[in-house]
Amino acid sequence: MQVGLADWTGGYLTAEGHRGDAVTALGSSLGRRQAWELEVLREEGAQAAVVELRGPRGQALWVDPDGSARCAQPLPGEQQGQFLLEVHPSGAWTLRQAQSGKYLESDGEDVFCIRRGLAPCHMWMPQLALHAHVVLFSPRLQLYARADPELDRVWVDTQVPSLEECGFILRFRGGVYHLETSQHKFVSRSEKLVRKPSAETAFHLTLKPGCRAFLTDREGRVLYPHGSRGLLRLGDNPADNEEWFVIRRCPQWVSLRTRTKRYVTVVCDSDVYARSKVVTPMSIFHFEVHSNSKTVQLKGTNHRYLAQREGMSVVANGDGREPETCFHALWHYGKIFLRAFSGCYLGALPIGLVVARAVHPGPSEEFELRLANRSFLLLRGRYGYVGSAPGHEVLQCNLLEPECIELLPCKHSIYHLQTHGKRFWSLTSEKTFKTWGKFALNFCLEIRGNNLLAILAPNGYYLRGDREGALMADGEEVTGESLWEF
């Protein structure tokens, strides 16, 4: 769980990388150096936990014997980097150093632990540093929230978040949150979805470790599911923690299509064929990437994984712990080859049966991969989000707020990228991008991690985020600057 922490002056807890291991409260906004990874070591009741906070370089927030705070690499058994986190009714957090019992505080600049008596300067307001495209899971109902574009309402009624309507954009503006649907409408106090953000769509978010949160309006009413269908609306008396949601990254669901334009589909519970001409619920898969082994797994909506079994057969009855469910991925201009546990590549027989039989990949083993639950992207790289910025003619990659990039799927795994104003991205001679193009350009998407994309531009180079702020099309290979959270 990544969070930013704002003190009583509004300054963010900041790991000052250019000043060695210094920690200050001088951050004016939630950027990379203000994002802290919160790890729960143990729970201490419903509203408290012992935690560690780690900065962008992996070092822990550390308190020296004199009370000064800095970043350090703790040794096993040391507790100077452990804090008792308590959630207060206002939504603010306090962090009390476990060893000394003193509270973390700031004077608006320096950060330290010197007092045991609770005071207003010990309060830190958390802000989620998670990528803004999320799903909302109700642990009480064991269901996900889903926007209904026809009735302009939100229901908490979905077991598997494979639909695009299960994705929401969590926008933070002026100290409050606005919940935007995948159709770019906003949850409001009136129960109905509305087209524009306003005071009627502003909610306060109370956050606990584990990305557990609930939303309240300016009058203190709580947003939670009502009735047998789980209509999400405001109320005064939530019972049994039904107001709490777990906020998770929007998962990546994909479809696979063969060169004969047939989609890989699970039939009769576990058989895998490439027969369907259209995407169905049984032809979309959760695309899970394991960065250590550089393998991928494909999980269907039946909660089972594709697996290679005896001989060449591929079936959808795998358990995620089985090595037979892991495939090596080879990308080729937005298309993918999948090498099975046996070393052979997946392909489809003339009757449509999906098997692993080719020692060397060819056109019959090539699959077009499409994002099944995305009609737009919110791209966040090493320096921030991608979008247009005042005073800049070209697209920037260091924005604090996300900007929607519309996806237009075309033939042969090609995508066109469009601004929300329906203008195409255009490539300049300096390998930068403008957003007023009249003609569509071809881009290829490659999933290189969980919620991580590499994007191949029409000039044959990967999109790269430049330290100076411009989005470039000059990456010769996939590096940290050319990987994009989406």
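**Charge pairs and cysteines**

I'll start with Arg309, which has a relative accessibility of 25% and counts as partly exposed. Keep in mind that this is a predicted model. Arg309 has a partner: Glu322, with which it forms a salt bridge whose closest N and O atoms are 3.1 Å apart. Glu322 is partly exposed as well, at 24% relative accessibility.

Where do Arg309 and Glu322 lie? Arg309 is in the loop between strand S28 (305-308) and strand S29 (314-318), while Glu322 is in the loop between S29 and strand S30 (327-332). The pair therefore ties together parts that are 13 residues apart in sequence.

Over the whole structure, the search finds 31 salt bridges.

Two further pairs link strands. In one of them, the closest N and O atoms of Arg146 and Asp157 are 2.7 Å apart. Arg146 belongs to strand S14 (residues 143-148) and Asp157 to strand S15 (residues 153-158), so this bridge ties together parts 11 residues apart in sequence. On accessibility, Arg146 is buried at 16%, whereas Asp157 is partly exposed at 31%.

The other pair is Glu368 with Arg257, a salt bridge with its closest N and O atoms 3.2 Å apart. Here the parts tied together are 111 residues apart in sequence, because Glu368 sits in strand S34 (residues 367-371) and Arg257 in strand S23 (residues 253-257). Are these two residues buried or exposed? Glu368 is buried, with a relative accessible area of 10%. Arg257 is buried too, at 19%, and the cut-off for buried is under 20%.

Now the cysteines. How many disulfides does the structure hold? The count is 0. Cys71 itself is buried, at 5% relative accessibility.

Cys326 is likewise in no disulfide. Its nearest cysteine sulfur belongs to Cys344, 17 Å away. Cys326 has a relative accessible area of 22%, so it is partly exposed.

To sum up: 31 salt bridges, and 0 disulfides.

Definitions and conventions
Residues numbered from 1 in each chain as written. Predicted model: local features only at pLDDT ≥ 70, side-chain atom pairs only at ≥ 80, totals over all residues. Heavy atoms only, no water. Disulfide = S-S within 2.5 Å. Buried < 20%, exposed > 50% of the residue type's maximum accessible area, 1.4 Å probe, protein only. Salt bridge = Lys/Arg side-chain N within 4 Å of Asp/Glu carboxyl O. Helix = DSSP H or I, 4+ residues; strand = E, 2+ residues; numbered from the N terminus.
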